[in-house]
Amino acid sequence: MAAIDVVVDNVVEEVGARPGLAEELLALGGVPGHVVMVVERTYYASGRAVETADVVVPADRYRIAYHLPVRVRGGAPGPSDRSAGSRVRAP
């Protein structure tokens, strides 16, 4: 985003689980009735949504992990603030 002068200042993720849709399960190698995890992620710049993504993975084959940095006293970012985020990975 920085390459196009957009500064992302907020990210919202909604995480849930639901039965997979037939076309999703076909693409993911699942069978009817399998549960999928869904991550709906939206990036914002000055209150405006600038990018969104829906990630769908089989619930029995992946875990969702988060890294949430904590700011040090005085509001200055800690050394790990640059790597904040989440990832979906196989266990």
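**Entry 1: a glutamate in the helix.** I started with Glu24, which is buried at a relative accessible area of 17% (buried is under 20%, exposed over 50%, partly exposed in between, with a 1.4 Å probe and protein chains only). Glu24 sits in helix H1, residues 22-28 (helices, H or I, need at least four residues and strands, E, at least two; both are DSSP runs numbered from the N terminus). Leaving out residues up to four places away in sequence, I found Glu24 touching Arg18, Val36 and Val56 (a contact is heavy atoms within 4.5 Å).

**Entry 2: what I am working with.** This is a predicted model, where local features need pLDDT of at least 70, side-chain atom pairs count only at pLDDT 80 or more, and totals for chains, interfaces and linings use all residues. Residues are numbered from 1 along each chain as its sequence is written, and side-chain values use heavy atoms, with hydrogens and water left out.

**Entry 3: salt bridges.** I noted three salt bridges in the structure (a side-chain nitrogen of Lys or Arg within 4 Å of a carboxyl oxygen of Asp or Glu).
- Glu24 pairs with Arg18, with the closest N and O atoms 2.8 Å apart; Arg18 is partly exposed at 28%.
- Glu13 pairs with Arg41 at 2.4 Å between the closest N and O atoms. This pair links distant parts of the chain, strand E1 and strand E2, 28 residues apart. Arg41 is buried at 14%, while Glu13 is partly exposed at 24%.
- Arg61 pairs with Asp60, the closest N and O atoms being 3.9 Å apart. Asp60 is exposed at 54%, and Arg61 is partly exposed at 35%.

**Entry 4: the overall layout.** I counted one helix and five strands, in the order β-α-β-β-β-β along the sequence. Of the 91 residues, 18% count as buried. Among contacts with a separation of 6 or more, 48% come from residues 24 or more positions apart.

**Entry 5: confidence.** Where should I be careful? The mean pLDDT is 85, and 80% of the residues score at least 70 (pLDDT is the predictor's confidence in each residue, from 0 to 100). Where pLDDT is low, the predicted coordinates should not be read in detail.
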